[in-house]
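I opened the model today to look up a pocket, a helix, a sheet and a few backbone angles. My entries follow in the order in which I went through them.

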Amino acid sequence: MSKYFLSVFLVTVIVALASCGRRKKPVAKESGPVVVDVIVATPRTISNIVEANGTVVANEFVELHPETSGRITYLNVPEGALVQKGTVIARINDADLVAQQEKAKVQLDLAIKTEERLRKLLAINGINQADYDAALNQLQSLRSDVAYYQALIDKTVVKAPFTGVVGLRQVSIGAYVSPANVIASLQTTNTLKIDFTIPEQYNYLVKKGNKVQVAMDATSGKLIGATIIAVEPQANAATRNLVVRVMLPNVTAHPGGFAKVYVDAGSHNKAILVPTNALIPEDKSNQVIVVKNGRASFVNVETGVRQASSVEITSGVNSGDTVVVTGVLFARPNGILKVREIKQPEN
């Protein structure tokens, strides 16, 4: 009997295993539709404004250095005040140079009298030509010495090269300075320039004489018109940007400050705009979700002009396509979508 029961048990196990092998795997049920809002892509007219960061530059700027080494005996640095061109800012001790010049002047007076006397003698053949030429050469040499010492004395005086505002004083009276030391800075503030960089692809927009708009204070929203006066002929090899300079007259600002520059690149009426929240950023590209036959289709797109709340789609979306603008995070590729509302594009 034991063999009989054993055989029945083995047959039962084999049948059970066979039935398990033929059992069908459960099919995952598709999740319910994702509720989304959409817009219909429609070509629109947009204005293309290129924004650039700029730096305020003084129309004239210089650091005042002494041309010679020595002790400062006079210092006139009215910090933050306007000084006229030619105003003496500082004097370096020139006592030794003045003494040498005075000595040369005494020798010069004697040489002048000697030359006059020998010239009269030469006229009556009282001396030979060589003696007179030597006296004349001595006279000219001493005149050069006097002029040379005067040039050295002039180098001990630091003057304002143009009318401008003096910066902060960097030295004190009595200090020993050299040409490496800065006494103060001097710059004009009534006429300012702004230097900004722009991608080389926009070189056609930054021609000399073209107009741009400048915002000195981003919070006020006030725009000031400015004129392009020069463009650096060579682009930066690392960034491929051009440096552009504009003139900004009758504006009060601090040189070195920040400014925002707006360059008008014109407008076109074939731009397709989508809200920025409809864009899905990827590592190498961007995507949007287009509704096709009630399902989500993820499409790679290229972007163009960016505005405050929208972005231009230059390729990947055609006119008439239905683009998902809300519920983007919940949609899955080829997933079922339920359109709740068709929104109107923002103006």
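I began with the lining of the second largest pocket, whose residues divide into 4 nonpolar, 3 polar and 2 charged; here Ala, Val, Leu, Ile, Met, Phe, Trp, Tyr, Cys and Pro count as nonpolar, Asp, Glu, Lys and Arg as charged, and the others, Gly among them, as polar. This is a predicted model, in which local features need pLDDT of at least 70 and side-chain atom pairs count only at pLDDT 80 or more, while totals for chains, interfaces and linings use all residues. Residues are numbered from 1 along each chain as its sequence is written, and side-chain values use heavy atoms, with hydrogens and water left out.

I listed the lining as Ser47, Asn48, Ile49, Val50, Glu51, Tyr202, Val305, Arg306 and Gln307. The elements that give two or more residues to this lining are β2 (43-58) and β18 (295-306), and β2 provides the largest share, 5 residues. A pocket is here an open set of points on a 1 Å grid over the protein atoms alone, with protein on both sides within 12 Å along at least five of seven lines, and lining residues have an atom within 4 Å of a point.

I turned next to helix α3 (residues 129-155), which has 27 residues and reaches 40 Å from its first C-alpha to its last, close to the 39 Å expected at 1.5 Å a residue; the expected span is 1.5 Å times one less than the number of residues. Helices (H or I, at least four residues) and strands (E, at least two) are DSSP runs, numbered from the N terminus. In α3 I found Tyr132, Ala135, Leu139, Leu142, Val146, Tyr149 and Ile153 buried, that is, under 20% relative accessible area with a 1.4 Å probe and protein chains only. Their cover includes α2 (95-123) and β7 (157-159).

Between β4 (residues 70-75) and β6 (residues 88-92) I noted 3 bridges, and Tyr74 has Arg91 in β6 as its bridge partner.

Last, I checked phi. Arg240, in the loop between β13 (224-231) and β14 (241-249), has a positive phi of about 60° although it is not a glycine. Asn334, in the loop between β20 (322-326) and β21 (337-342), likewise is not a glycine and has a positive phi, of about 65°.

Key. Buried < 20%, exposed > 50% of the residue type's maximum accessible area, 1.4 Å probe, protein only. Contact = heavy atoms within 4.5 Å. 1 Å grid on protein atoms, 1.4 Å probe; cavity = no way out; pocket = protein on both sides within 12 Å on 5 of 7 lines; lining within 4 Å. Pairing = 2+ DSSP bridges.
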